[in-house]
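Hi,

Here is the structure I promised to pass on. Have a look at it first, and my notes follow below.

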Protein chains: 2
Amino acid sequence: MSEKKRGRPRAFDAKVTLEKARDVFWDRGFAGTSLDTLSAATQLNRPSLYGAFGDKEALYLDVMEAYRAESMDVLADALDLSLPLRDNLANVYKGALKIYLHGETAARGCFLISTATAEAIQHERVRELLRRSLEDFDSAIEQRMALAVERGELPDGSDVHMLARLASAVMHSLAVRARAGDSRKTLEALAQSGVDMICGKA
Amino acid sequence: MSEKKRGRPRAFDAKVTLEKARDVFWDRGFAGTSLDTLSAATQLNRPSLYGAFGDKEALYLDVMEAYRAESMDVLADALDLSLPLRDNLANVYKGALKIYLHGETAARGCFLISTATAEAIQHERVRELLRRSLEDFDSAIEQRMALAVERGELPDGSDVHMLARLASAVMHSLAVRARAGDSRKTLEALAQSGVDMICGKA
DNA sequence: CTCATTTTGTACCGTTTCGCATAAAATAAT
DNA sequence: ATTATTTTATGCGAAACGGTACAAAATGAG
């Protein structure tokens, strides 16, 4: 698949480097993160970073895309079709909180909502990728909701389009509140209420 | 009320200055806004800014607090007690969208969610003020919900605490999605669905 | 072995950044 | 008028910033 290249081989794994870069961006934001900080965190000097990913914005966009892709994977796992919709949704929120509540000094929230929103005005490509990321997430949930109607888990004629976006809305709020320092208990209560709201208070 | 001070009088209105500073922070974020940019936008040279508000973080905190206070005023207006809860909630979202969809190059979203979240990890005071701002908003809505139960607008035994936080959650999502570039139509549909979800699909 | 190719590391460039030192300007008090 | 007090304006300076030039190092090809 990947032929061995000609010149000096890379001394780093691009995927791991993106994760390290992601973590500093996550804590400090895009504008608040210097290339020096990124260089230290990734253990790559700036020319290597530049050669591998381009300038700071290009690196950030790569990180965004990796986060989007991984989020979709996590979502797909949570939406295990062998489980009822209620459990699926609970798992989506549970998985989100597991990510959001991680953090050394404070809970870090969602990478996109916490850091990409800030840049969305000045950097059009960030805004566009953010929009698409949210949309993809909504669509995957909507698809599961449509199946739920077929299976009789949701009433016939349910507006699955809006229901999915309401389900996402709860997650967006979890992200914001986690970053603001709300307690795990508080957030889990909101998640539970979200599930009840969408699936009915069982 | 305000005695005339001794020295040279200020050539600017602090409130207006805070609004101008807020607008540049809103577009570019805290870390992405330089003192030069702030100086140009407020038409104050840096030493004047520094003398009046302190350093960049102190200025930003002042802007945050002003935004929080104004948001609570807008919310109080939307929660006009002479109207039904359904109309109140619709007005809350309508008022939010009016603010969020404003913007020269792109919709700016919510000032706090778009810019304060990014700084919340590194700047504890930002995080704390953000948390308190969200909480105040939740509490005001909860208070209105409690009245709604008394008035029979909501079923007896409704969990007004969680209902209020779900209502806020929809607004948080509107904020994120507006910043991401979602259309007015899309956002208005989500707002409508939020109202229906909380108040029942009338 | 020799050469072409790619990555790495050092060092550097010009610019921007934040914050302050200092002096001029504008007012109230005396 | 003189003085004390506060704000304004110019300009400085040390540090950090993003980005790159350049040569050394490490590999494959011939």
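B:S193 sits in helix α9 of chain B (helices here are DSSP runs of H or I with at least four residues, strands are E runs of at least two, and both are numbered from the N terminus). B:S193 counts as buried because its relative accessibility is 13%; buried means under 20% relative accessible area, exposed over 50%, and partly exposed in between, with a 1.4 Å probe and protein chains only. Leaving out residues up to four places away in sequence, B:S193 touches A:M162 and A:L166, where contact means heavy atoms within 4.5 Å.

Before I go on, please keep in mind that this is a predicted model, in which local features need pLDDT of at least 70 and side-chain atom pairs count only at pLDDT 80 or more, while totals for chains, interfaces and linings use all residues. Residues are numbered from 1 along each chain as its sequence is written, chains are lettered from A and ligands numbered from 1 in the order in which they are written, and side-chain values use heavy atoms, with hydrogens and water left out.

Now to the interface between the two protein chains. In chain B, 40 residues are in contact with 40 residues of chain A. Together the chains bury about 3,500 Å², 67% of it on carbon and sulfur atoms; this is the accessible area (1.4 Å probe) that the two parts lose on being put together, summed over both. There are 2 salt bridges between chain B and chain A, a salt bridge being a side-chain nitrogen of Lys or Arg within 4 Å of a carboxyl oxygen of Asp or Glu. One of them joins B:R177 to A:D138, with the closest N and O atoms 2.6 Å apart. The chains also share 12 residue pairs in polar contact, both residues at pLDDT 80 or more (a pair of N or O atoms within 3.5 Å; within protein, one must be able to donate a hydrogen and the other to accept it, and residues adjacent in sequence count only if both atoms are side-chain atoms). On the side of chain B that touches chain A, α1, α6, α7, α8 and α9 of chain B each give two or more residues, and α8(B) has the largest share, with 12 residues.

A:R177 lies in helix α8 of chain A and counts as buried because its relative accessibility is 3%. Its side chain makes a polar contact of 2.8 Å with that of A:S173. Not counting residues up to four places away in sequence, the residues that A:R177 touches include A:D182, A:L187, B:D138 and B:H172.

Finally, the DNA. DNA strand D is surrounded by 25 residues, and A:R6, A:L35, A:Y50, B:R6 and B:A11 are the closest; a residue is near a strand if one of its heavy atoms lies within 4 Å of it. Of the atoms of DNA strand D that come within 4 Å of the protein, 75% belong to sugar and phosphate. A phosphate oxygen of DNA strand D lies 2.3 Å from a side-chain N or O atom of A:Y50, and one is 3.1 Å from such an atom of A:K56. For A:T33, a backbone N or O atom lies 3.4 Å from a phosphate oxygen of DNA strand D. The most residues of the surface near DNA strand D, 3 of them, come from α3(A).

Enjoy exploring it!
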